[in-house]
Amino acid sequence: YLIEYFFVKKADFITTVSDPLKDSLISRFGNKVATIENGFDVEDLDKTETDSVFPDDDKIRLVYTGRIYAGKQDTSQLFKALTILKSRGIPLHDKLEIIFYGFALEPIQNMITKCNLETIIKIRGFVDRMISLQAQRKADALIFFDWHDPSAKGMMTGKFFEYMFSGTPILNISMSEDTNISKLIKEAGIGVTFVESAEKLADTIETMIHGDKLPYHPSPEVLSRFTRRHLAEKMIEDINARLSNSSNISTST
């Protein structure tokens, strides 16, 4: 913390990925902070294979890509929802597959064993990024575990922006509809947020198993704000504005 303070204090310009984090930094370092989100390079989609990574077996596939931060993300609602679906007599092993790609997935493996869900949930581990993007595009929905640590308000992982541009609806499991992620999903029209409601999550997954599609109405205007090109231009404009203000102050004095 002291090392961070020593170096960041000397910076002329600081960027962070969300407005809540910006406010926190302003309180420590003054008004030289700007929000520049992580964003996504849309050109990466052109490099992604169009073939499906999944067998053609009519199963609904929910995909998670990335790592799990124990104590920061709450995965329990998903497992509660699956337990509810099993109690309804739905043959999940024939209808549903949930796949995790990434690392640090020990919390998921432990819950799989505890809930006896080995035939439904699969852990594929760390894979090439292009395979991850391909899986995101071919899934029926993407699972996102929003940040559940109140002390880290404003956290927005880079993985979320991959989800935004995947063309696949997001099942966001969150602690609030007021988090940055929850609000952005709603604004962009790219998924559904579940706030501490395993029952509603179970209902939604069941409707998918019965053939219904998730609501998905992506807003081109919102998505365009999060391309890396747009964010780079935004950053250049902010730097130029600050340089201009600095020059005007120097001239006036």
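Colleague: In helix α2, what makes Pro20, Leu21, Leu25 and Phe29 count as buried?

Modeller: In this predicted model, each of these four residues of α2, which spans residues 19–29, falls in the buried class, a term that means under 20% relative accessible area, with exposed meaning over 50% and partly exposed lying in between (1.4 Å probe, protein chains only). Helices here are DSSP runs of H or I with at least four residues, strands are runs of E with at least two, and both are numbered from the N terminus.

Colleague: How do you know on which side of α2 they lie?

Modeller: They cover an arc of only 150 degrees around the axis, and therefore they sit on the same side of α2, the arc being that of the directions from the helix axis to the C-beta atoms. What covers the buried residues of α2 includes α1 (2–9), β1 (14–16), β2 (33–35) and α9 (180–188), where contact means heavy atoms within 4.5 Å.

Colleague: Why is the pair Lys234 and Glu37 called a salt bridge?

Modeller: The term requires a side-chain nitrogen of Lys or Arg within 4 Å of a carboxyl oxygen of Asp or Glu, and because the closest N and O atoms of Lys234 and Glu37 are 3.6 Å apart, the pair qualifies. The pair links distant parts of the chain, with Lys234 in helix α12 (residues 228–252) and Glu37 in the loop between β2 and α3 (43–46), 197 residues apart.

Colleague: Is Glu37 called buried or exposed, and why?

Modeller: Glu37 has a relative accessible area of 16%, and so it is called buried, whereas Lys234, at 30%, is partly exposed.

Colleague: What makes Glu162 and Lys159 a pair about one helical turn apart?

Modeller: They are three residues apart in helix α8 (residues 158–164), which means a separation of about one helical turn. An α-helix has 3.6 residues a turn, so residues three or four places apart point the same way. The side chains of Glu162 and Lys159 meet in a salt bridge at 3.3 Å, N to O, and Glu162 counts as buried because its relative accessibility is 7%, while Lys159, at 25%, is partly exposed. Both belong to a network of salt bridges that links Asp44, Arg129, Lys159 and Glu162.

Colleague: How do you know which residues and atoms these values refer to?

Modeller: Residues are numbered from 1 along each chain as its sequence is written, and side-chain values use heavy atoms, with hydrogens and water left out. Because the model is predicted, local features need pLDDT of at least 70 and side-chain atom pairs count only at pLDDT 80 or more, while totals for chains, interfaces and linings use all residues.
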